[in-house]
Amino acid sequence: MLVISIVLEAAVAIVAALAARAGRPYLYGLSFTFAVYVLYDFARFMQWSVEGALLSALFLLASVSALVAVVGLWGESHGK
């Protein structure tokens, strides 16, 4: 299941990056968020020892970038 999750997360990250390049730059935030998920899950899959503080910082950045992406999507749908 973890491998399937990694593949799906990577697909979302790639599609979001492509959409961002096509004129929706706030979607880079969504791409970054899912790239962090891929990194985290891949580290778990490889059984790497990753510090809690590093993961906390990455997840905080991922959450902020996801929020920016969602606000951008919301603004786009409301004509802003």
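V3, V7, F42, F45, M46, W48, V50 and L54 make up a nonpolar surface patch, and together they have about 730 Å² of accessible area. Two or more of these residues come from each of α1 (2-21) and α2. The model is predicted.

**Exercise 1.** Find which element gives the most to the nonpolar patch. Then decide whether F45 is buried, partly exposed or exposed.

*Solution.* 
Step 1. The top contributor is α2, with 3 residues.
Step 2. F45 is in helix α2.
Step 3. Its relative accessible area is 42%. Buried means under 20% and exposed means over 50%. So F45 is partly exposed.

**Exercise 2.** Check the span of helix α3 (residues 52-77) against 1.5 Å a residue.

*Solution.* 
Step 1. Helix α3 has 26 residues.
Step 2. The expected span is 1.5 Å times one less than the number of residues.

**Exercise 3.** Which residues of α3 are buried, and against what do they pack?

*Solution.* 
Step 1. List them: L55, L58, A62, S65, A66, A69, G72 and G75.
Step 2. Look at the spacing. An α-helix has 3.6 residues a turn, so residues three or four places apart point the same way.
Step 3. Find the partner. The buried residues of α3 pack against α2 (27-46).
Step 4. Look past the helix end. G79 follows α3 and has a positive phi, near 70 degrees.

**Exercise 4.** How many helices and strands does the protein chain have?

*Solution.* 
Step 1. Count 3 helices and 0 strands.
Step 2. Read from the N terminus: α-α-α.

Key. Residues are numbered from 1 along each chain as its sequence is written. This is a predicted model: local features need pLDDT of at least 70, side-chain atom pairs count only at pLDDT 80 or more; totals for chains, interfaces and linings use all residues. Side-chain values use heavy atoms; hydrogens and water are left out. Helices (H or I, at least four residues) and strands (E, at least two) are DSSP runs, numbered from the N terminus. Buried means under 20% relative accessible area, exposed over 50%, partly exposed in between (1.4 Å probe, protein chains only). Contact means heavy atoms within 4.5 Å. Patches are made of residues with over 30% relative accessible area and no salt bridge: like charges are joined within 9 Å, nonpolar side chains (Val, Leu, Ile, Met, Phe, Trp, Tyr) within 5 Å. Accessible areas come from the Shrake-Rupley method with a 1.4 Å probe; for residues, only the protein chains shown count as cover. A salt bridge is a side-chain nitrogen of Lys or Arg within 4 Å of a carboxyl oxygen of Asp or Glu.
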